[in-house]
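Take a walk through the model shown here, one region at a time. Keep the sequence at hand as you read.

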Amino acid sequence: MDFSSFLLMRHEIILLVITLLLLVAEIFIPQQKKGSIVHLAIFLFGIHTVLGFLGNVEGALFGGMFRNTPMIHFFKNVLNVGVLILLLQSADWLQEKMVKQHKGTEFFILLFSSLLGMYFMISAGDFLMFYLGLELSTLPVAALAAYETSKRISSEAGIKLILSAALASGVSLFGISMLYATSGSIYFNDIAEMITANNLTILGMILFFTGLSFKISLVPFHFWTADVYEGAPISVTSFLSVISKGAAVFILMILLFTVFKPLMHVWENMVYVIALMTMFIGNLFASRQKNMKRFLAYSSVAQAGFILLGIINGEHLGFATVIYFVLVYIFSNLAAFGVVQAISLKTGKENMDDYEGLYRTNPKLSLVMMLALFSLAGIPPVAGFFGKFFLFTAAASKGYYLLVFLAVVNVTISLYYYLLVIRAMFLRKNENAIPFFTNKLYMRLGLVLTVLGIITLGLYSPLYDYIFELSKNLM
Amino acid sequence: MDITYIYLIPIIPLAVFLLLGINSKKIKPAVSGYIGVLGLFTSFLLSIYTAYQYFFVIGKIDGEYQQFIDKTTWLNFTDTLHIDMGILVDSISIMMLVVVTTISLMVHIYSRGYMKGDDGYTRCFAYLSLFTFSMLGLVLATNLFQIYIFWELVGVSSYLLIGYYYTKPSAVSAAKKAFIVTRFADLGFLIGILIMGYYTGTFDFETLNAVNPETGMLVLNWASTSFMGLSVIAWGLILIFMGGAGKSAMMPFHIWLPDAMEGPTPVSALIHAATMVVAGVYLVARLFPMFYFVEDGFALNIVAWVGGISSLFAAIIAITQTDIKRVLAFSTMSQIGYMMMALGVSGYDGHEGVGYMASMFHLFTHAMFKALLFLGAGSVIHAVHSNYLKDMGGLRKYMPITNITFLIAALAIAGVPPFAGFWSKDEILVAAFENNQILYYIGVFVAGLTAFYMFRIYFGIFWGKDKKYEHTPHESPMSMAFPLLFLAGMSIVAGLIPFSEYVSADNKGFEAHLNYPLAAIATTVGIIGIALAWVFYKKENSLSDKYAKSFGVLYKWAYHKFYFDELYLFVTKKIIFNRISAPIAWFDKKVVDGTMEGIGNKTVVVSDKIKGMQSGKLQDYAFAFIVGVVVLAGVFIYLWK
């Protein structure tokens, strides 16, 4: 028997093994040592992340239902790095939960299952696999959002997420069935060949598109975001707004650029309209948030609008710029969430006012936050600037000057509220500023990795070249 | 020419910034001052050496100053378009190197005295170094993309420095205003860069500006797509100029500059008088061949008019202001308008390029005397603890050095021979006279106004009656007096440099002659301005008030800066905030927060989960979702396929 084909699925297999190992570990590790499961999980996942970078294979399995290309492989690694940083940042919080509140390993099991779902979703070669992956990636997160069972707001977040998600995936499935009806196949390759611009197909595409729009939280499918983000624990919010969004953008883009390419004249207008709505509404809401989590949530809605500027390009340049931007976005947002997490863990404070005078007491944390926010706001020479600039170039190269202009207006608006936080930290004096504290090793590592990521992405250009090369062959 | 050592010039301030910025708590204030000054001194020496090497030893080959470029490809954006990083050395970049390092060095030395005892002493030097690094990087950039990066970095460090006194709310809001306004202008810059990159396939100044010596046209050929009757390249240039106008405080983006005076005075001298605000002029000069040749200089004409009008407008406002730093701020705006105007009326070959040369010349001399004016004003403010003219008077007895140096600077800006401003202003007026008579008359009128408002504050500060001072004003310490003396020396001799031989649009150099009739007119107008100021302000009298009244409405308008701030406030507050943001805020507050709070008030734990569903909120969300789907489907299937 030839085992080499398993190599194609090695991300999935290893992650599954890790998940099972952790389940077993829970049985054998006594209650008072439960905290060590966190070390174990981080250790195992770290190895998994490193292994992911060793070589990559191309091919398809199960008659084309599952496929792996260098681009997909690369993106799985990106997701891994993101999740690893997230784990490092939540380690202290989890340890506390496990030791004091006798929580089990479910956090890891659920998180890894969701990640596994994302792997399958982005590796999908047909709509069935895609749908399974989509569901597997969403359902565990709903449970995670309700992780703080003692807090009402957390349970509410969980129930809201799962109901909204059910609606979205129902609509999406309806769309898929229409596509099946018109083309007679659920395989991406087959549909790509058969697709024509008739009304039923377009309706199918739109319904399908809205399902993913929900995950990316594009306007008007974003309403769940603020409530869920605020209610869920910070790690989960961070996961939802960074990792989950990234994966959904990836698969949406692959499908639009390959399967729905013949319908581009339809979806480019749709993307245009949604991009504008998303940027403006996201920004206008974000500008008046006082709670840091809600603030980051709405600002991430606006960021999703910018991503659409790369998608509207419709060619591999657009693909490369979006992937690069997502990469930058992951690091920048994780850095911001990491700081919020660290402060919330030590002091329980989550409001913007509480950050006043932070530079005086905790200069390093505020510098990390500043870097992250500058990157999100797109100020050179931080990575976020290049990310946005490339997206704008991608849109401009198709002649969408008005859209680019309005996007730049939005960058300016977003600058206003990002500066509010920076002003609070640097240019405000506060007698009751958050006192100086030091972070534990994991948190520090988690923050350092994000900073390195932001700086490296901004200055080390071969990374972009690599992505650009990869994006030349999508299918 | 081996130019790699030039990298050191910006890198040294960067190293100083990192050193001081990271260890701000560990390094003693006194030591940090020395580190800052020493670092800048090294950069200064290197710049002088570079200038010597370039202008006198190796720069000129076959009667033409060459461009030396050292760069590496930083990123291949697409298969054809790539972005480079490196340094570009030619006559204007070297001139800017000298200006930036000289003024920055003086400001560093001066700050050691001025900021003494301030608890953010080290922070101030760290920010100053950061600014200097960014500005030098901007000057040396080889392409549009690189210049844009440093352009924004300069904006960030300016933001930090304006907001330096962060305990003052006005300083913080001024910092924000400056950042947002210039950032808004940069919006045009960015889109301009995108257009250039897309339609010409390159960001490089060298390629963009290359001129064919035979046909006298740009070498680069691009598809001449046009938009509203104008080629896209011309649109690109106009948009790029929009960025330049923002940074250089040209109308209508000037509103941030007067407020930026909230920063420490040495900072104003460095950033808002001599270096950053002329970045816009530098940008236009950098792309001058493009501005000149594309669409027969359509974009260049805009530059000329924006410059001329800003210059007149600012000079009128300057007459009425009572805060001396604000007078200087408007004066800066007016003088930069002069430089823009000079570029705008310039030709390209030989003596026709006199405007270009004059603009650069004026940039150079203006940097010297305007920095001196600011540092002098700082010295005065340091002594009387007020920015307002009404709190000053008769200071010449107490502060002899400041008095003399301030007088020299005022004479220089008023264009009295043989001081520096006379020579460069004369060239500007020559250029305007030859190309655009209307702008010439505006220029002459502005020259008179300049002399008047400058001597109005000079007499107001140093002559007239003593005011009641809390403690007797005294001359500033040597660390502050030395930069004054140095810059005063420069303000006297800088005009004697035969600038046209070194800096010219076609890089070949030409011999400029003083145009005696024009020079005589300008000087006479200047002297009339000074004389009027003498009559009105030398001794305190009611004459000035009487005349102010007779101008009535005009005076009031000028005093309120022609209500520009109010106009902006009206647009942003009344229209954007009330009409757009407020309804959305209402929705968020009433519907989103309201339901949230509604849920919060009901404390029955059991019903919580059900309430999550029954609150109506989720249904709202679902409803919005479905409506979104239906509308999208309807629109894209039936209307817009």
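Begin in a loop of chain B. Ala249(B) sits in the loop between helix 8 (232-247) and helix 9 (256-259) of chain B. Helices here are DSSP runs of H or I with at least four residues, strands are E runs of at least two, and both are numbered from the N terminus. The phi of Ala249(B) is near 55 degrees, a positive value in a residue other than glycine. Most residues other than glycine have a negative phi, and most peptide bonds are trans. Ala249(B) counts as buried because it has 29 C-beta neighbours inside 10 Å. The cut-offs are these: buried means 20 or more other C-beta atoms within 10 Å of a residue's own, exposed means 12 or fewer, and partly exposed lies in between, with C-beta atoms placed from the backbone.

A word on the source. This is a predicted model, in which local features need pLDDT of at least 70, side-chain atom pairs count only at pLDDT 80 or more, and totals for chains, interfaces and linings use all residues. Residues are numbered from 1 along each chain as its sequence is written, while chains are lettered from A and ligands numbered from 1 in the order in which they are written.

Ser217(A) lies in the loop between helix 9 and helix 10 of chain A. Its phi is near 55 degrees, a positive value in a residue other than glycine. Ser217(A) counts as buried, with 27 C-beta neighbours inside 10 Å.

Back in chain B, look at the peptide bonds. Pro417(B) and Pro418(B) are joined by a cis peptide bond, with omega about 5 degrees. Pro418(B) belongs to the loop between helix 16 (400-414) and helix 17 (420-435) of chain B.

Next comes helix 18 (residues 437-462) of chain B. At 1.5 Å a residue its 26 residues should span 38 Å, and the end C-alpha atoms are 37 Å apart, which agrees. The expected span is 1.5 Å times one less than the number of residues. Of the 26 residues of helix 18 of chain B, 22 are buried, so the helix is largely enclosed by the rest of the structure. Just after this helix, Gly464(B) takes a positive phi of about 70 degrees.

How do helix 3 and helix 4 of chain B cross? The axes of helix 3 (residues 91-114) and helix 4 (residues 121-140) of chain B come within 9 Å and cross at roughly 175 degrees. Axes are lines fitted to C-alpha atoms, for helices over the stretch in contact, and angles run from 0 to 180 degrees between N-to-C directions. The two helices of chain B are therefore roughly antiparallel to each other. That label applies to angles over 145 degrees; under 35 is roughly parallel, 65 to 115 roughly perpendicular, and the rest oblique. Among the residues making the contact are Met96(B), Leu97(B) and Val100(B) of helix 3 and Leu128(B), Met135(B) and Leu136(B) of helix 4 of chain B. Contact means that the C-beta atoms of two residues, placed from the backbone, lie within 7 Å. By class, this contact of helix 3 with helix 4 of chain B has 10 nonpolar, five polar and no charged residues. Ala, Val, Leu, Ile, Met, Phe, Trp, Tyr, Cys and Pro count as nonpolar, Asp, Glu, Lys and Arg as charged, and the others, Gly among them, as polar. In helix 4 of chain B, 19 of the 20 residues are buried, so it is largely enclosed by the rest of the structure.

Gly337(B) lies in helix 14 (residues 324-344) of chain B. It is buried, with 29 other C-beta atoms within 10 Å. Not counting residues up to four places away in sequence, Gly337(B) touches Met250(B), Gly307(B), Gly308(B), Ser310(B), Ser311(B) and Ala314(B).

Now turn to helix 2 (residues 10-28) of chain A. His11(A), Leu15(A), Ile18(A), Thr19(A) and Leu22(A) are buried in helix 2 of chain A. Seen down the axis, the buried residues of helix 2 of chain A fall within an arc of 100 degrees, so they line one face of the helix. The arc is that of the directions from the helix axis to the C-beta atoms. These buried residues pack against helix 3 (36-52), helix 4 (70-100) and helix 5 (106-123) of chain A.

Finally, the two chains meet. The contact takes 50 residues from chain A and 46 residues from chain B. On the side of chain A that touches chain B, the largest share, 10 residues, comes from helix 18 of chain A.
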